[in-house]
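Good morning, colleagues. Please look at the sequence and the model on the screen while I go through a few of its local features.

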Amino acid sequence: MREQAYEIIDAVLAGTDPDGAEARDRLREHVAAHPGNPEAALHEHLVFTRSLARQASKRPIIGKQPADPAGVHNEAEGNGHAAIEAVLHAGMLVTAFQPIHDLGRGGVIGAEALTRFVWEQDGQSAGSWFRNAAAAGLGADLEFSALQTAVAAAQDLPHHLVVALNLSPAVCLDPRLPGFLEHAPLELSRIMLELTEPLQPGELDPLLDVLTPLRRSGMGLAVDEAGTNAASMRHIRSLRPDVIKIGRGLVAGIDADPSSQYLVADLVEFGRRTGAALAAVGIETPAELAVLTRLAVAAGQGHLLGRPTINVKEWATWAGHAAPEARSAHGKHAAGQPPRQGGLER
């Protein structure tokens, strides 16, 4: 994380845009005020640039839009090709990790990598940036930049944790992916690749061709936000993921919604029959957690269990929260891959 912060600082200071001169000067002051602590300097820089952005948004616009204080920050709705290229060139991405808990045995067994842009640590506009990048023909480049950032940051996580990396099916078909994962400084046995979007027609067979050798080498596969329609279930049966994730839409208020409980119970049974375990996202209340645990959902994450954070010191606290079984198996089984039996062997 420290090396990542230094790289971002160097990229910002290398800028030549006159409109960003004030921000660069202030960043130099922050770096000087925090020798050897680039994370603190970068944090103060982010606070400063957000303050400039708020001030600029309150000024009357005469002739043109207010200057971008950081040199690359536009509102997400206005992200064009040039803005996205500026983000890629400057490397203005950081990775926040959110802990994933074993709901049956307890303990932190994994961490999901979530992309953050350096001026916005809550991630509210991250989805818009990725959607606009895809529309501008730069979606794969932005996803790969986020992937590289996440893998680099993951070196500071406790070594027993499985690392969940989000990728769209289209980018999984990019010819760069297998070589990147095979040579990444992160063992394939620690990677849980999460498909973030439904498959499009014609993607299934090529995707299986790409993923099968990676999974034979130890990589896990999760299907994000699993749907309940027939096409989604067919794709899951073909992909045979290690983890089926259920989102906040199904988790919210599940303690007071019998129909949602029945659906989750059915998905748990479906996962058992196909060799996958369920993981719940967006757990926010003790009542939701209690019901999901009773329904034998294997893993979970959410604000109740731990918010996404870029703080390396917080990541370190997860080291002491792993069940012994998770430590001995790199967390793969506890993170949602039950031992396969009989005809379920791959």
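I begin with a definition: a residue is buried under 20% relative accessible area, exposed over 50%, and partly exposed in between, with a 1.4 Å probe and protein chains only. This is a predicted model, in which local features need pLDDT of at least 70 and side-chain atom pairs count only at pLDDT 80 or more, whereas totals for chains, interfaces and linings use all residues. Residues are numbered from 1 along each chain as its sequence is written, and side-chain values use heavy atoms, with hydrogens and water left out.

First, the overall description. Of the 346 residues of the chain, 49% count as buried. The chain has 15 helices and eight strands; these are DSSP runs numbered from the N terminus, helices being H or I with at least four residues and strands being E with at least two. As for contacts, meaning heavy atoms within 4.5 Å, residues 24 or more positions apart account for 70% of those in the chain with a separation of 6 or more.

Let me turn to helix packing. Two packed helices are described by the angle between their axes and the distance between the axes. Here the axes are lines fitted to C-alpha atoms, for helices over the stretch in contact, and angles run from 0 to 180 degrees between N-to-C directions. Angles under 35 degrees count as roughly parallel, over 145 as roughly antiparallel, 65 to 115 as roughly perpendicular and the rest as oblique.

Helix H4, residues 81-90, and helix H5, residues 126-135, have axes that come within 10 Å and cross at roughly 115°. H4 and H5 are therefore roughly perpendicular to each other. Their crossing is left-handed, that is, the near helix is turned anticlockwise from the far one by less than a right angle, clockwise being right-handed. On the H4 side the contact is made by Ala83, Ile84 and Val87, and on the H5 side by Trp129, Asn132 and Ala133. By class, these residues divide into five nonpolar, one polar and no charged. In this classification Ala, Val, Leu, Ile, Met, Phe, Trp, Tyr, Cys and Pro are nonpolar, Asp, Glu, Lys and Arg are charged, and the others, Gly among them, are polar.

H5 also packs with helix H6, residues 139-153: the two axes come within 7 Å and cross at roughly 140°. H5 and H6 are therefore oblique to each other. H5 contributes Trp129, Phe130, Ala133 and Ala134 to this contact, and H6 contributes Gly139, Leu142, Glu143 and Ala146. The contact of H5 with H6 has six nonpolar, one polar and one charged residues.

Leu88 is found in helix H4 and is partly exposed, with a relative accessible area of 24%. Leaving aside neighbours within four places in sequence, Leu88 is in contact with Asp141, Leu142 and Ser145. Leu88 and Phe144 are 56 residues apart in sequence, while their C-alpha atoms are 9.9 Å apart in space.

Next comes helix H13. Which residues of H13 are buried? In this helix, residues 286-294, they are Glu288, Val291 and Leu292. They lie on the same side of H13 because they cover an arc of only 100° around the axis, the arc being that of the directions from the helix axis to the C-beta atoms. The face turned away from this buried side carries the exposed residues Pro286 and Arg294. The buried residues of H13 pack against strand E6 (243-246), helix H11 (248-251), helix H12 (258-274) and strand E7 (277-281).

Ala296 has a positive phi of about 70° although it is not a glycine. Buried, partly exposed or exposed: which applies to Ala296? At 48% relative accessibility, Ala296 counts as partly exposed.

Arg240 is another non-glycine residue with a positive phi, near 50°. Arg240 is found in the loop between helix H10 (230-239) and E6, and is partly exposed, with a relative accessible area of 24%.

Glu194 is buried, with a relative accessible area of 2%. Not counting residues up to four places away in sequence, Glu194 touches Glu112, Ala164, Leu165, Asn166, Leu167, Ala222, Asp224 and Lys245.
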